[in-house]
Every structure is written in C-alpha cells, then in structure tokens.
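Please open the structure in a viewer and keep the selection tool at hand. The stops below say what to select next and what is there.

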Amino acid sequence: MSESIVEILGLRKVYNGKNSVTAVDGIDLHVPAGLIYGLLGPNGAGKTTTISIATTRAIPTAGSVKIAGVDVVAHPALARRSIGVVPQFNTLDRSCTVAENIYFHCRYFGLTKTEATARTAQLLDQFRLSDRAAAYPQALSGGLAQRLQIARAIAHRPRVLFLDEPSAGLDPQSRIAMWEAVQGLRGEGITVVLTTHYMEEADELCDRLAIIDHGKILIEDTPAALKASIGGDKIYDLRMRGVRDSGILKRNLQTIEGVTRVEVIDGGLRVLARAKDGLLAKVVTMANEFGLRDLTTTEPSLETVFIRLTGRDLRE
Ligand SMILES: Nc1ncnc2c1ncn2[C@@H]1O[C@H](COP(=O)(O)OP(=O)(O)OP(=O)(O)O)[C@@H](O)[C@H]1O
Ligand SMILES: [Mg+2]
C-alpha cells in the first residue's frame, strides 16, 4: 500500500447560523500519493467545505486532516507549504499581470528574486502562457485564467494540489486543455485532489474517486470498479406502450441468460445485463409481446452509480 499523502479522519463541519447546517458529516478518506483523486457529488454535498478544511481555510467541528503527515489544524503554516489550492472561484490578483501573479506567489513562499523569476518563466512556458505574461487576468479567457490559477498554485512545489470544481464554466476545449495540464502534474509527483459534479470529468481524469452526498462518502473506488458495481455492462431501457403486465414481463426478462437485474423505470423497464451474443434479440422479442414502444441502449456510467446509491440524478 502506498503512502497516504492526504489522511482525513472522522471529519465533521457544522455551520451554526440561524439554521445549523451539517456540511460534512463524518468523512474518512485516504489519498495515496501520486494519484489524481476525485470528490464527485452534487451541489451542496460538502465538497468545498472538505477542501476548505484540508487547505486550512476553515476549521473542522470534529475530526482531523493530515497532509504529508502534518495536522492542518495544529500546524497550518507548515501544512500550507505542502498544499496548492485552486478555489472554486477565480482568485487571481487583478492588479497584477499574469507573470506577477506567479512571481509574487513564489516570493510569498520564500523563493529569492532570482528563484522566483526563473520559476515564473518555467511555469509560463509549461502552461503555455508565455505570450500572455504581461496581460492582466481580466483579459484572459476562462480556460487561460484557470491554467494560470493552476500554474500559480503549484509555484512553490506543493506535494498536493487541491482543485475545487476546476472545469466549472469552461468550454469543452478549455476543459480538455485543463485535463491535460492536470495529467501533466503526475510527472512532477504532485498528488491532485479535485472536486467535480461532472461525472465525465471524474471518469476521464481520476484514478480513484469518492462519491459524496449530504456530507457523507457513499462509495470509494476506481471509476472502472464503481461502474462494474452496477452489475452489468449493458443497460437496455425499454419504453412500453402500456405497463399493465410489466410484472410478468419483468419476471420473464429475468430468466434470460446474461440479465443481471430488471428495474421499473418511468414508462417501462430497465434491464441490466452482461453483454452476450443474441441477448438483445431475446430481450426485444420478449418485450415486443408486451408492447415495446422504444428501446435505448447505454453503458453504466458514474451517473448510473449515483442514481443507484441515492435514487436521484447528479444534475438534479
Ligand atoms: N459559510 C457557510 N455557512 C453556512 N452554510 C454553509 C457555508 N458554506 C457552505 N454551507 C452549506 O454547507 C453545505 C455544503 O456546502 P459546500 O459548499 O461544501 O458544498 P459543495 O459540495 O461544494 O457544493 P457546490 O457543488 O455547490 O460547490 C451546503 O448546504 C451549504 O449551503
Ligand atoms: Mg463547492
């Protein structure tokens, strides 16, 4: 087992306002070094609160977070040396140029003028921002601004980079460029913890992920293992003209070899199956007798996993 670079134990955060809100409700999490690790969950799940505590920006109600073995509550200044953060909302300094945003970050973390100048030039090059070095942040596209935020966040060579909703508001092309920039960090030995409510992002980018909802982790694994937990590699959604005899159809479908599960969905049935030659034909023939109107075929996604666990859609 590789070293856990981020160790979260029994983490809780209750916001005491007029109505008290339990934003994080007992989270345990171990992030092995070197991974791109995702926290996937809907709005209000507690992702930002977890990141805020781990990055010393909020104090937990209970529990602990250690980064590279350092307790973030007991030793926040020391912990911050190992942490890079890109918050959910743009925090670039609008009064500084692109280059200065990185340079002053380096200086803040104790690099000499010479070191900071060299590191800035290297990061501008690595993140393909050199030709915009003298521009001001407000002149950058959303994608470039996000790349600059990442470049700045790793300027002091942290061991862990926290990215809170890194692709929120980015167009698809910028999102892919951002993914590439994040994947490039592997080579530098930086562990990445990111939050997202885009299942495609969690699936494409993350080595492991935790699905989080209402302040709790529901499940934690690799994207492939999470999808496999659905119990089939094909999903057939059968929309029926009438659903009067759906109980009988459901039982009949369950007898087909390869079918692992049949569920009632709006206007019909969902068949989960392990793909096999001739399986789809059998399903269609059987369903036709009961008035099949339409059929769609999909494969399990993290969305399917989330719905299975919560009964809700990630996007709701
Ligand atoms: N400063 C605060 N005071 C009171 N309640 C808060 C505060 N910050 C967050 N909350 C509440 O805590 C819960 C978790 O919020 P959090 O921002 O951590 O979720 P999130 O998963 O990051 O959501 P999003 O996808 O919208 O960014 C929500 O119910 C939110 O309203
Ligand atoms: Mg958030």
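Domain bounds here come from an automatic or database domain assignment. For the protein chain of this predicted model, that assignment gives domain 1 (4–223) and domain 2 (231–299). Colour the two separately: their C-alpha centres lie 43 Å apart.

**The whole chain**

Show the protein chain as a cartoon. Its secondary structure comes to 11 helices and 14 strands. Along the principal axes, the C-alpha atoms fill a box of roughly 80 × 45 × 45 Å. The chain has 316 residues, of which 37% count as buried. Among contacts between residues at least 6 apart in sequence, 69% join residues at least 24 apart.

**The six-stranded sheet**

Next, select the strands of the open sheet, whose order is E6-E7-E8-E3-E9-E10 and whose pairing is mixed. At the edges are strand E6 (83–86) and strand E10 (216–221), each of which pairs on one side only. On average, neighbouring strands of this sheet are turned by 15 degrees against each other, direction ignored.

To find one of the bridges, pick leucine 39; its partner in E9 is alanine 210.

Helix H1 (residues 47–54) lies across E3, strand E7 (160–164), strand E8 (191–196) and E9, and runs at about 150 degrees to E7. Helix H5 (residues 142–153) lies across E6 and E7, running at about 165 degrees to E6.

**Around ligand 1**

Keep H1 on screen and show ligand 1. Which residues come nearest to ligand 1? Of the 14 residues around it, they are Tyr15, Ala23, Lys47, Thr48 and Thr49. Strand E2 (21–32) and H1 are the elements that give two or more residues to this shell. H1 supplies the largest share, three residues. By type, the shell divides into four nonpolar residues, nine polar and one charged.

**Glycine 215**

Go to the loop between E9 and E10 and select glycine 215. Is this glycine 215 buried or exposed? Glycine 215 is buried, because 23 other C-beta atoms lie within 10 Å, where 20 or more are required. Leaving out residues up to four places away in sequence, glycine 215 touches Thr22, Ala23, Val24, Asp25 and Gly46. For a distance check, draw a C-alpha to C-alpha line from glycine 215 to aspartate 25: the two are 4.7 Å apart in space and 190 residues apart in sequence.

**Strands E11 and E14**

Move on to strand E11 (residues 234–240) and E14, which pair in the antiparallel sense over six bridges. Arginine 239 has aspartate 294 as its bridge partner in E14. Strand E14 (residues 292–298) has seven residues and the number buried is zero, so the strand lies largely in the open.

**Helix H11**

Finish at helix H11 (residues 302–310), where Leu302, Thr304, Val305 and Phe306 are buried. What covers the buried residues of H11 includes E3, helix H7 (199–205), E9, helix H8 (223–228) and E11.

Notes
Residues are numbered from 1 along each chain as its sequence is written. Chains are lettered from A and ligands numbered from 1 in the order in which they are written. This is a predicted model: local features need pLDDT of at least 70, side-chain atom pairs count only at pLDDT 80 or more; totals for chains, interfaces and linings use all residues. Two strands pair if DSSP finds at least two bridges between them. Helices (H or I, at least four residues) and strands (E, at least two) are DSSP runs, numbered from the N terminus. Axes are lines fitted to C-alpha atoms, for helices over the stretch in contact, and angles run from 0 to 180 degrees between N-to-C directions. Two residues are in contact if their C-beta atoms, placed from the backbone, lie within 7 Å. A residue is near a molecule or strand if its C-beta atom, placed from the backbone, lies within 6 Å of it. Ala, Val, Leu, Ile, Met, Phe, Trp, Tyr, Cys and Pro count as nonpolar, Asp, Glu, Lys and Arg as charged, and the others, Gly among them, as polar. A residue is buried if 20 or more other C-beta atoms lie within 10 Å of its own, exposed if 12 or fewer, and partly exposed in between; C-beta atoms are placed from the backbone.
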